[in-house]
Amino acid sequence: MAPVTIKGLRKRFGSFEVVKGIDIDIADGQFVVLVGPSGCGKSTLLRMLAGLENISDGEIRIGSKVVNDLAPKDRDIAMVFQNYALYPHMKVADNMGFSLKLKKMPQSEIGPRVDRAADVLGLRQLLDRYPRQLSGGQRQRVAMGRAIVRAPQVFLFDEPLSNLDAKLRVAMRAEIKALHQKLKTTTVYVTHDQIEAMTMADKIVVMRDGIVEQIGTPLELYDRPANLFVAGFIGSPAMNQIEGTVRGGMFEAADGIRLPLSGIPANADGRPAIYGARPEHFMLSDKGLPAEVTVVEPTGSETHVMANLGTTPVVCVFRERISAAPGDTIRIVPTPEVAHLFDAGSGRAIRAA
């Protein structure tokens with residue numbers, strides 16, 4: 001296990017800069033998730049950590065060692081890929097132990113390492129099977145086992161669950177998190193799925209267009225997003241964003257609807273802003289604002305309601321079951337204590353002192 005330090009990291013392909021001066025500190029044993037939309041640079045960053053992409057500028061340090069010029073095999077890392085990358089002609093045990101065989105480790109050491117990894121991952125009964133005889137989830141566990149037997153300082157995961165169906169993704173998410181809690185190896189995990197990021201990470205790095213938008217724990221990013229991008233990207237359904245102006249201690253939307261605020265920032269009066277409200281922070285109230293229902297989605301434990309609040313479409317999530325139907329009017333009010341304000345020009349969060 002080892003900490004990972006990234007300083008001023010840049011990657012250029014010709015004149016096009018993909019990663020634009022990133023700084024990230026990853027503590028020993030921490031599970032860090034790089035998340036962002038396609039093309040944000042997260043996979044390129046992971047490949048630079050692995051040594052599969054050259055660094056244009058900056059520094060990567062694993063433990064006390066700068067690894068910029070080290071080959072992948074010399075970095076003491078293990079990578080789990082999206083497509084499993086198993087050898088089809090080898091049995092599970094041989095797949096898991098192959099990297100150790102390449103290092104000319106004696107079989108008397110390879111066997112016990114493979115057996116220990118198989119026990120951790122529940123693969124003991126599958127060691128004599130070929131990859132074609134395994135399910136997608138089992139193949140992914142074999143790929144993880146191949147990484148575990150190497151006992152690296154750092155695990156790197158490149159969207160390992162994207163080829164699995166929805167139910168299996170949920171199960172594998174829990175397995176990977178449980179595995180990390182057992183091994184406590186420093187882990188860097190790349191995904192575009194913010195639910196994976198929220199449920200698995202000790203720390204999340206939100207990226208966009210080659211830069212870091214915000215770094216923090218899952219709940220820090222959810223409760224205190226630094227800007228509109230993070231506010232909209234983290235959370236499902238996404239945060240509602242309503243355009244308007246701060247006026248007289250309230251937020252006045254462009255269509256005249258007034259929404260409550262708690263703790264007005266200094267010099268905010270008259271300032272164009274975006275009002276952010278999480279879907280679960282709308283409450284039903286007889287004294288609330290009228291909203292015309294457009295879609296109702298019962299999920300069992302919750303009811304998702306899409307409605308027009310004035311001219312702005314919003315999404316509300318209610319724990320209680322409601323009988324509203326499209327075309328009906330419900331009365332809703334956001335909870336002011338957890339409402340967010342963002343500057344309309346920069347998109348940055350506006351905080352009360």
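Visitor: Where is the place of glutamate 53?

Guide: In this predicted model, glutamate 53 sits in the loop that runs between helix H1, residues 42–50, and strand E4, residues 57–62.

Visitor: And which residues is glutamate 53 in contact with, leaving aside its neighbours within four places in sequence?

Guide: With those neighbours set aside, glutamate 53 is in contact with Lys11, Phe13, Arg47 and Met48.

Visitor: How many Å apart in space are glutamate 53 and leucine 261?

Guide: Taken from C-alpha to C-alpha, glutamate 53 and leucine 261 are 48 Å apart in space, while along the sequence 208 residues separate the two.

Visitor: Let's step back to the whole chain. What does its secondary structure come to?

Guide: The protein chain has eight helices and 19 strands, and its C-alpha atoms fill a box of roughly 75 × 45 × 35 Å when the box is taken along the principal axes.

Visitor: How many of the residues count as buried?

Guide: The protein chain has 353 residues, and 47% of them count as buried.

Visitor: What about contacts between residues at least 6 apart in sequence, how many join residues at least 24 apart?

Guide: Among those contacts in the protein chain, 65% join residues that are at least 24 apart in sequence.

Visitor: Switching to charges, how many are positive and how many negative?

Guide: The protein chain carries 43 positive and 39 negative charges, and the mean positions of these two groups lie 7 Å apart.

Visitor: Now the pockets. What volume has the largest one?

Guide: The largest pocket has a volume of about 460 Å³. Its lining is made up of 18 residues, and those nearest its centre are Met79, Phe81, Ser99, Arg146 and Arg150. Strand E6 (77–80), helix H2 (92–102) and helix H4 are the elements that each give two or more residues to that lining.

Visitor: And how many cavities of 30 Å³ or more does the structure hold?

Guide: The structure holds one cavity of 30 Å³ or more, and about 80 Å³ of space lies in the largest cavity. Of the 13 residues lining the largest cavity, Phe155, Phe157, Leu179, His180 and Thr187 are the closest to its centre.

Visitor: Which element gives the most to that lining?

Guide: Helix H5 gives the most, with four residues. Helix H4 (136–148), strand E7 (154–158) and helix H5 (166–183) each supply at least two residues of the lining of this cavity, and H4 is also among the elements that contribute to the lining of the largest pocket.

Terms used: Residues are numbered from 1 along each chain as its sequence is written. This is a predicted model: local features need pLDDT of at least 70, side-chain atom pairs count only at pLDDT 80 or more; totals for chains, interfaces and linings use all residues. Side-chain values use heavy atoms; hydrogens and water are left out. Buried means under 20% relative accessible area, exposed over 50%, partly exposed in between (1.4 Å probe, protein chains only). Contact means heavy atoms within 4.5 Å. Lys and Arg count as positive and Asp and Glu as negative; His and the chain ends are not counted. The place of a charge is taken as NZ of Lys, CZ of Arg, CG of Asp or CD of Glu. On a 1 Å grid over the protein atoms alone, a cavity is a set of points where a 1.4 Å probe fits but cannot get out, and a pocket is an open set with protein on both sides within 12 Å along at least five of seven lines; lining residues have an atom within 4 Å of a point. Grid points are joined across faces, edges and corners, and a volume is the space filled by probe spheres set on the points.
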